[in-house]
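Trainee: I would like to learn how to read helix packing in a protein model. Could you walk me through it?

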Amino acid sequence: EYHNFNSEYISQRDVCVWVPDGYSTDKKYDVVYMHDGQMLFDANTTWNKQEWKIDEIAGKLINEKLIKECIFVAISNIPETRYGDFFPQKTLKYLPENSVIPNDITFKADNYLKFIVNEVKPFIDKNYSTYTTKEHTFVMGSSMGGLISLYALCEYPDVFGGAGCISTHVPMVMSKTLPNSQADIWAEAFRKYLKENLPESNSRKIYMDRGDQTLDRFYPKFQDLINVLMISNGWNSEAWISNVFPGAAHTENDWANRLKYPLQFLLGKK
């Protein structure tokens, strides 16, 4: 655990690194960068007493040789600034003129990604036995973490070879405001950003999914429109998938229940 990891771009936050059993400097490992790091490993310390079970599930998949050996870098969020840190910042340029942008939010996703790419990744590559190229470097998260993961792939296609976007918050507006007619406008702006900034079709791996309960119940129409965009841009099922899990809610428990799918899609052995 690296507490209060220093940054010249954003506020300090904890970074936790998980390595698989048998980790050895004689080998090199793929790396998965994950957001909301404090929610990944220990339900006893999370606000809702739930966790992703990254260590148990990834460890099992590695031991069963279903995914490549990998390291997880868990970057904690700062709850007060999470929305502004994770909102795909350049989407704001695609909003219609005279759009009302909340003045109580500081949008810092571009700096958050600089923190990962320019500060965290070099530290990890220096101190751990990693493959450093994009083919072995992934980014993953849920909800707003799904948005920033897809944004990271678009902004840094030479750094990340794939993104896992779980229960992606495709309405874009703050969840506590839903349902909200502004969501249609903001979601369309994000699709315009994606249309112009997605990597070349099928050149990277993109995993998407959603449930249909609690907050995820707002997602179908927005995710369906992104699916249409992906297909029209030429993405096929080898490189992009968009799953639906009926009955699944917007919770760490449900994300843990299906974690094997994004991990196998991104890191599965051929």
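Mentor: Happy to! Here an axis is a line fitted to C-alpha atoms, for helices over the stretch in contact, and angles run from 0 to 180 degrees between N-to-C directions. Keep in mind that this is a predicted model.

Trainee: What do we use to describe two packed helices?

Mentor: Two packed helices are described by the angle between their axes and by the distance between those axes.

Trainee: Is the crossing of H5 and H6 left-handed or right-handed?

Mentor: H5 passes H6 in a right-handed crossing. On the H5 side, the contact is made by Ala183, Asp184, Ala187, Phe190, Arg191, Leu194 and Lys195. H6 brings Lys221, Phe222, Leu225, Ile226 and Leu229. Sorted by class, the contact of H5 with H6 has 8 nonpolar, no polar and 4 charged residues.

Trainee: Which residues of H4 and H5 meet?

Mentor: From H4 there are Leu147, Leu150, Tyr151, Cys154 and Glu155, and they meet Phe190, Tyr193, Leu194 and Asn197 in H5. By class, this contact of H4 with H5 has 7 nonpolar, 1 polar and 1 charged residues.

Trainee: What does a residue in a loop touch? I picked threonine 91.

Mentor: Good pick! Threonine 91 lies in the loop between helix H2 (82-86) and helix H3 (109-127). Buried means under 20% relative accessible area, and threonine 91 is buried, with a value of 0%. Leaving aside its neighbours within four places in sequence, threonine 91 is in contact with Met172, Trp186, Ala189, Phe190 and Tyr193.

Trainee: Now for H1 and H8: at what angle do their axes cross?

Mentor: The axes of helix H1 (residues 54-63) and H8 cross at roughly 45° and come within 11 Å. H1 and H8 are therefore oblique to each other, and their crossing is right-handed. Ile57, Ala58 and Leu61 of H1 make the contact with Lys260, Leu263 and Gln264 of H8. By class, it has 4 nonpolar, 1 polar and 1 charged residues.

Trainee: Which residues of H8 are buried?

Mentor: In helix H8 (residues 260-267), the buried residues are Pro262, Leu263, Phe265, Leu266 and Leu267. Seen down the axis of H8, these buried residues fall within an arc of 165°, so they line one face of the helix.

Trainee: And alanine 58: is it buried or exposed?

Mentor: Alanine 58, which has its place in helix H1, is buried, with a relative accessible area of 0%. Not counting residues up to four places away in sequence, alanine 58 touches Trp18, Lys53, Ile67, Phe72 and Leu263.

Methods:
Residues are numbered from 1 along each chain as its sequence is written. This is a predicted model: local features need pLDDT of at least 70, side-chain atom pairs count only at pLDDT 80 or more; totals for chains, interfaces and linings use all residues. Side-chain values use heavy atoms; hydrogens and water are left out. Buried means under 20% relative accessible area, exposed over 50%, partly exposed in between (1.4 Å probe, protein chains only). Helices (H or I, at least four residues) and strands (E, at least two) are DSSP runs, numbered from the N terminus. The arc is that of the directions from the helix axis to the C-beta atoms. Angles under 35 degrees count as roughly parallel, over 145 as roughly antiparallel, 65 to 115 as roughly perpendicular and the rest as oblique. A crossing is left-handed if the near helix is turned anticlockwise from the far one by less than a right angle, and right-handed if clockwise. Contact means heavy atoms within 4.5 Å. Ala, Val, Leu, Ile, Met, Phe, Trp, Tyr, Cys and Pro count as nonpolar, Asp, Glu, Lys and Arg as charged, and the others, Gly among them, as polar.
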